[in-house]
Amino acid sequence: MAEPTQEPPAVAPAHAKKREKLLPVTLISGFLGAGKSTLLRNILEAKKADDESFRCAVLVNDMAELNIDTSLIAASGLVRSDEVVSMQNGCVCCNLSGDLIEQIVGLASNRETPFDYLVIEASGVSEPAAIAALFEDCHEDDDDDDHHHQHGEHEAGGPTSLGSVARMDTIATVVDSAEFLQNLEGMDDPDRGADYPRLLVDQVECSNVVLLNKTDLVSEPQLREVRDKVTLLAREGVRVLACQNADVDVKHVLDTGLYRSGDFDLSKFVERFASGNDEKPKACCKKAEARGESPCCKRARTIDSGKSRVLLPSKKVGKTRHGEDYKITSFVYKARRPFAPGRFFERFVDAFFVMEEDPDEEEDDGDDEDDEAGTETDVDPPPKKKPRSGSGDEGAATGTDETNEESSPPPPEEADGAVRAMQETGAARKAKRTEALGSLLRAKGYLWQANSHDLVGYISTAGNAARLETLGRWKCLEPSSYPPARAPESSKADRGTWVAPYGDRRQELVFIGQDLKHVELQRLLDEYLLSDEEMALGVDGWKATFGDIMLDA
């Protein structure tokens, strides 16, 4: 049973000084599309507004081969390039755990410009307990040489275990209030086996703070039901906070001192890491990367339709639990011609999802939701928004579950009726979506549309909800992408991924789910792309045919 408040655990005097020297870490956990990236951005915005000197390193993990979230964070201007680490094509809780250790040890060992804090955004299918286990070290027996060697510390090469350079401070799990209960259905169904509902439970169980996000998408009775279920699942003493757009005061998720390894059962993960049972990338992958090539026979898993390319997941990358246990996979869709906006919205977005209102629409057009970057994912920084520090959430400081609101809400009956109507529409579209595309849990990525030729579009879907946004201008239009504003070598490397005459304009979408019908998805998306005849019209012809968002605004 979760209690509303919890005091930070006491630290023995012998270890207090050691803890002070360790890099504090907040782990952001939560299922696909819950709002982890939004919480991360809120943290960075609030801390930058509060203290410009605060140095926060960011590590973003995505299970897909393309890490959209990292590029959005990097382009936001909230962090410098050397403060962001991208890890994709796997999970830091399993096949990328070794890489995670190396990255964090490197960040924590930076003595010239040391970091004050590290925030890790785990992938939506990561198990927080497995990541927390990586920080287990010999705090209780500092003289135990065998224990040091078991966890990978070497006198000559310096520390290689996380516990010697960093400490877990807070595990914050973000819950999608609109999808949580439905996603839990079938957890005890023996026919489903080890399916992802169990993962949602694990994420709630291993947390210090649980954020019930997207409360605007559920009615008051439904929110109470979600809160009751989370309270039942969560460990005693966990803080449960309700919010919209992951908007909570950062004091509830940063530097709380709430994490205590003894509160969780990490034994199975510690044993696995100590025994070195993690699968490593195949030798052929390493050789290909050393030659500067894409690993794992990318051509063999690329489906080229003539209009687009679908990149299927590699079978040679180390196995992951999300693939083995939860049957969750991903693929990437890429194209170098724009979508006809009407076809894309009416036949895809509005046919399969319910549009989610942008809470920052009245402030600025530039709110991004989630994840991943390869070599082609840099975009122009989105417009800046107001920091979300505090934001009316002071009631949560005492552990109360208050939703942040800045305006008077409609009457409960009216609000609940609107929510129910939206949910009924969403359920009907989910049935249609699942039949046509498979169980699509998450989609996100960059859009190029014919009526907004110069603007980077972004789509984010989670469950039945979809959001469309504009992030800024394409990089090829920015003087900062060219010398002398940018070093010739860097500029040439960036432009090496551009395609004349349209530069970095592109479709680049990640799809994550179970039993996805990638052939049908590619066929449908190709239909929304401009035809050869429409492409021949050129930019002026597109504006005459499809309109111009800049003129229509």
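These notebook entries record what I looked up in a predicted model.

**Cysteines.** I searched the whole structure for disulfides and found zero. C56 is buried, at a relative accessible area of 7%. C206 is buried as well, with a value of 5%.

**Nonpolar cores.** I turned next to the largest nonpolar core, which has 49 residues. Within this core, F31, F180, L212 and I328 touch the most other members. I noted that helix 8, residues 196-205, gives the most to this core, namely five residues. I also asked where the core sits relative to the domains. Domain 1 (18-137 + 160-264) and domain 2 (284-357 + 422-544) both give residues to this core, so it lies between them.

I listed the contacts of F180, leaving out residues up to four places away in sequence. F180 touches V175, L200, V204, V226, K229, V230 and L233. I recorded a second, separate core of 31 residues, which includes V25, V85, L134 and A166.

I traced an open sheet of eight strands with mixed pairing, in the order 8-9-10-15-12-13-14-11. Its edges are strand 8 (302-304) and strand 11 (354-355), each of which pairs on one side only.

Helix 16 (residues 518-528) touches strand 8, strand 9, strand 10 (329-335) and strand 15 (507-514). The direction of helix 16 makes about 25° with that of strand 10.

Key. Residues numbered from 1 in each chain as written. Predicted model: local features only at pLDDT ≥ 70, side-chain atom pairs only at ≥ 80, totals over all residues. Heavy atoms only, no water. Disulfide = S-S within 2.5 Å. Buried < 20%, exposed > 50% of the residue type's maximum accessible area, 1.4 Å probe, protein only. Core = buried A, V, L, I, M, F, W, Y, C linked by side-chain atoms within 4.5 Å. Helix = DSSP H or I, 4+ residues; strand = E, 2+ residues; numbered from the N terminus. Domains from an automatic or database assignment. Contact = heavy atoms within 4.5 Å. Pairing = 2+ DSSP bridges. Axes fitted to C-alpha atoms, helices over the stretch in contact; angles between N-to-C directions.
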